[in-house]
Amino acid sequence: MKKVCIVGISGKLGQYMVQHALDRGYEVTGVCRERSIGKLARFKGRITVFPGATNDSQVIKKAVEGCDGVLTVLVPWGVHNYASGTAQAVLDLAQPDARLIFSCGWHITRDGQDVYSWRVKALVKFVGGIARLLRLIDIDDQVEACRRVFASQTRWTVVRGSDLEEGPSQGLPVWSKHVGDPILASNITRRVDFALFMVAAIENNDLIQEAPAIVGCQTPSAIQARAA
Ligand SMILES: NC(=O)c1ccc[n+]([C@@H]2O[C@H](COP(=O)([O-])OP(=O)(O)OC[C@H]3O[C@@H](n4cnc5c(N)ncnc54)[C@H](OP(=O)(O)O)[C@@H]3O)[C@@H](O)[C@H]2O)c1
């Protein structure tokens, strides 16, 4: 049986990943802040939670021990290098052969070949700027986290999410190497399916050292690409 660790397990994406991982018969461990453990009550007895900050290497070390896969939610909260510290701890402490799957948004680019709409550019520039001023989020920290992942020799995948919505699963999202490709034009994915893609990536070796940008498989752009 595979053992996986979910870093940021109590968030919306984390909780969906728990369900997908349990559905696959995986043993599940996870890390979240102590005050958030209550959000995981419905999984009690089926998962092991290590309370603490996700950038605390002592906590990460215990949580990832013996794990074949580590699913990390990279969120740029605050201005204390939280996302980059989290990524670094996972890169340093996971088993060398583990599959490491990280989440982020389309705004992250690996090779500079992504083509962004004015809307995405404006959102990153203005919302990111205001949030940074208010010391709420620091998008640059998520960029730095991903830079470290891209530079690593581990078996990583960085899953880049489109805009998200709630709702029942539509199936495994489709993906492209670059934002701007027509298949991604609809720019919407169900959050439950973002989680599905993350968990499925553990067993998909074609995604090793790839940064797939995803979109829902039932969206108009995905359907159009299939028909073409
Ligand atoms: N939201 C979007 O539209 C969108 C679009 C594209 C990609 N993504 C990506 O999807 C992933 C999940 O995003 P999400 O929006 O769905 O969020 P989410 O799954 O609800 O996750 C939020 C995470 O942030 C933690 N958190 C919240 N406030 C914090 C604080 N002050 N200090 C430390 N941790 C804190 C939460 O932990 P607690 O449970 O302890 O609060 C939780 O683990 C991210 O990697 C994001 O970049 C999101």
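Ala, Val, Leu, Ile, Met, Phe, Trp, Tyr, Cys and Pro count as nonpolar, Asp, Glu, Lys and Arg as charged, and the others, Gly among them, as polar. Keep these classes in mind. The model is predicted.

Start at the ligand. The shell around the ligand holds 23 residues. Ser 10, Gly 11, Leu 13, Ser 36 and Gly 161 are the closest. Two elements each give two or more residues to this shell: α1 (12-23) and β5 (99-105). Sorted by class, the shell has nine nonpolar, nine polar and five charged residues.

Now turn to the core. In soluble globular proteins, nonpolar side chains tend to be buried together. Here, the largest nonpolar core has 63 residues. Val 4, Met 17, Val 70, Val 90, Phe 102 and Met 198 touch the most other members. Helix α6 (residues 191-201) gives the largest share of this core, eight residues.

Which residues does Phe 102 touch, not counting residues up to four places away in sequence? They are Thr 72, Leu 74, Ala 87, Val 149, Trp 156, Val 158 and Val 159.

Next, find Val 199 in helix α6. Is Val 199 buried or exposed? A residue is buried if 20 or more other C-beta atoms lie within 10 Å of its own. Val 199 has 23 within 10 Å, so Val 199 is buried. Leaving aside neighbours within four places in sequence, Val 199 is in contact with Met 17, His 20, Ala 21, Arg 24 and Leu 71. Finally, compare chain and space. Val 199 and Gln 19 are 180 residues apart along the chain. Their C-alpha atoms are separated by 9.8 Å.

Key: Residues numbered from 1 in each chain as written. Predicted model: local features only at pLDDT ≥ 70, side-chain atom pairs only at ≥ 80, totals over all residues. Near = placed C-beta within 6 Å. Helix = DSSP H or I, 4+ residues; strand = E, 2+ residues; numbered from the N terminus. Core = buried A, V, L, I, M, F, W, Y, C linked by C-beta atoms within 7 Å. Buried ≥ 20, exposed ≤ 12 C-beta atoms within 10 Å, placed from the backbone. Contact = placed C-beta atoms within 7 Å.
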